[in-house]
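Subject: Model for your files

Hello,

Please find the structure below. My notes on the chain follow it.

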Amino acid sequence: LGHIFNCGGNLHTKNMPEGNTVATVSGEKITDLDVNYYIYAEASSYAKKNNVSQSDLATYDWDQEVDGAKLSDTIKEKALNDAINEVITIKKGEANDVDDATKSQISTQVSTLQSTYGEDGLTLRARTMGISSAKQYSKMYEKVMTTQSVQEDIEKNPSKYYPEDTSTLNEYKQDNKASVKHILIKDSGDENSDAQARAQAVLDRINNGEDFDAVMKEANEDSGEPDTGYTFGEGEMDEAFEKASFELGLGDVSGLVKSTYGYHIIKRIPGMYELQAYWRAQDAKNIKINKGKLAKLSVKDVMADVVAATEELQSQQSSSSDSGSSK
C-alpha cells in the first residue's frame, strides 16, 4: 500500500477525528476523511496508467469526461467501494476470529514514528497519501494492517471464507481486478531464444490434462510468485498480462501471453475481489451510502494537497541534506 504504511505494526484508534459520514457498513461509519485516502490511491493509479506526472496532479482536469462519465465521479465511486470492501473484509476476519499478531505493536509503532518525525512531521508524510492528520493516519494504518491479516488467513484457511460451491463466485468476477496463478517462461530477447517453443510445450501439457499447479511448481521461472498466485488491480502489472487476466473466466487458462518478461500461461482463480463482491451482495441491506456527502468530495483538492505536502517534504529533506553536508 506504499509509503509509511509498509513499516509494520498496527495501532489503536481512540479519539479519532470523526469527519462526515459518507457510508455505513452494518453500522460502522466510513467518513470523508477515510475516503480521501482511497481517492488518492485510485487517482494515483489512474495517473500512473495514463502517464500523468506527479507535478501535474494538482492541475490535472479530474472533471473531464472519460468513457461517458466524469472522471472525478468514477474515482470517487471506486474509492468508496474500496473503503466499503475493506470494512467488509475486516468484519469477515472478526467473524472468523482472526488473531492479529501485530496488535501489541500498534501503539509502539506510531509512537516511534511520532518520536522520529514529530506529530507535524508525521502529519506531513500522511498528507502525501491523502490522509489529513497523524490521528487519521493511525486509523487508516490499523485498517490496512488488519486487512492484511485477514488476507493471510484467507490464504491459509480458504474453507472458512469461500462458498462451498466456488463456481458461485463467477457471478462476481471483476472486469479490472483479478487473482491469478501463472507460469512464466523467461525470454532473453536473443534471436536464438527458444522461450516460445518451451512455453508452448508447457501449455500443451496443461491442455492435455496435467494439473496446472503441478506444472507450475515444476516449470515456472517466476521465482517470486507465491503458491497462492497474484491479486492485483488495473495498472499494477504488465499491460499485456493484465489484459489477458481480466478477460479470463474463473478457472480458465490462457494461451501464450507475451510480455516484457517472456511468455505467460495464466490461470484465473477466485480471489479476494470476487469474495468481496460476493460478501457485499450478501450484506447489501446493511450498506448505506450518503450520495450527497460523496458528491461533495473533491479529487482535485485531495491531489492538490498531496502535491503540496510532497513538495514541502522534499524541500525539508533537501534543506536537511544541505545542512548536513555543510557541516
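Helices (H or I, at least four residues) and strands (E, at least two) are DSSP runs, numbered from the N terminus. This is a predicted model, in which local features need pLDDT of at least 70, side-chain atom pairs count only at pLDDT 80 or more, and totals for chains, interfaces and linings use all residues. Residues are numbered from 1 along each chain as its sequence is written, and side-chain values use heavy atoms, with hydrogens and water left out.

Helix H1 covers residues 32-49. After H1 comes asparagine 51, which has a positive phi, near 55°. At the N-terminal end, threonine 31 caps H1, with a side-chain oxygen 3.2 Å from the backbone nitrogen of leucine 33. From first C-alpha to last, the 18 residues of H1 reach 25 Å, close to the 26 Å expected at 1.5 Å a residue (1.5 Å times one less than the number of residues). H1 is largely enclosed by the rest of the structure, because 13 of its 18 residues are buried (under 20% relative accessible area, 1.4 Å probe, protein chains only).

The chain as a whole has 10 helices and 9 strands. The C-alpha trace spans about 60 × 55 × 45 Å along its principal axes. Of the 327 residues, 46% are buried.

Regards

Conventions: Buried means under 20% relative accessible area, exposed over 50%, partly exposed in between (1.4 Å probe, protein chains only). A polar contact is a pair of N or O atoms within 3.5 Å; within protein, one must be able to donate a hydrogen and the other to accept it, and residues adjacent in sequence count only if both atoms are side-chain atoms.
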